[in-house]
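Welcome! Please take a look at the charged side chains in the model below, and at how they pair up.

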Amino acid sequence: MADKRCFEAVDRSLRPIMKSVADECSSKLFGGITTVLCGDFRQILPVIPKGDGEDAIEASIKTSYLWDIREVHSLKQNMRLKSRNMNSSTTMEKESFAQWILDNDLMIHSSSDGVRAIVRSTYADLLDHIGDSNYRQAILAHKNETVEQINDYIMGMQRGEEKTYLSSDTICKADFQLEDEDLLYPAEFLNTFSRISKPCTETKNGCSGDAS
């Protein structure tokens, strides 16, 4: 979803341009030009660098002055189901899938503990599948801090003694002689990296990754 300031900039740019056509256009939305915007508010909110949830909502077009004078038309017909290249069985399958999405089956109901809610929903029977390589679930998060919280919660559910395995203690030697090679990227430096500094933190039964 685009930042509301993008649309507001277009509006402010078109008004003086269209004034050359008619003076009253300077007071009309988008200079009097009919503008169609298409979007789905179920998709991700605008991404604000180093911003929080409130910043993302504030950047939404719903908080813009443009939203107060808009006219909303809902799209209710699935045009993909009108394709002539699909047989009746495929059409019914796609129609069922489209309705499943509209029914919000993917939505997790509000909870005071969001991390617990999403983990319990994704890994409903995790403890019964410890060590099962065929049990593959995944949670994607837009911030590494959230990845860390989810992984800590999942690791806290595990039974038994916790063990930590470092990803690398040494580097591959060069094929040719390199002066002071052993001084490059020593183990002490490599081990200073925390999981939160990596783009993806992997758990035993899944991977919580950074979706950015």
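What follows is a short tour of the salt bridges and their surroundings.

This is a predicted model, in which local features need pLDDT of at least 70, side-chain atom pairs count only at pLDDT 80 or more, and totals for chains, interfaces and linings use all residues. Residues are numbered from 1 along each chain as its sequence is written, and side-chain values use heavy atoms, with hydrogens and water left out.

Side chains of opposite charge can pair when their charged atoms come close. The structure holds three salt bridges (a side-chain nitrogen of Lys or Arg within 4 Å of a carboxyl oxygen of Asp or Glu).

| Salt bridge | N to O distance |
|---|---|
| Arg 5 and Asp 3 | 2.8 Å |
| Glu 58 and Lys 4 | 3.0 Å |
| Asp 11 and Arg 15 | 3.0 Å |

Helices here are DSSP runs (H or I, at least four residues), numbered from the N terminus. Asp 11 and Arg 15 are four residues apart in helix H1, so about one helical turn separates them.

How accessible are these residues? Buried means under 20% relative accessible area, exposed over 50%, and partly exposed in between (1.4 Å probe, protein chains only). Glu 58 is partly exposed at 45%, and Lys 4 is buried at 11%. Asp 11 is buried at 1%, whereas Arg 15 is partly exposed at 21%.

Conventions:
Helices (H or I, at least four residues) and strands (E, at least two) are DSSP runs, numbered from the N terminus.
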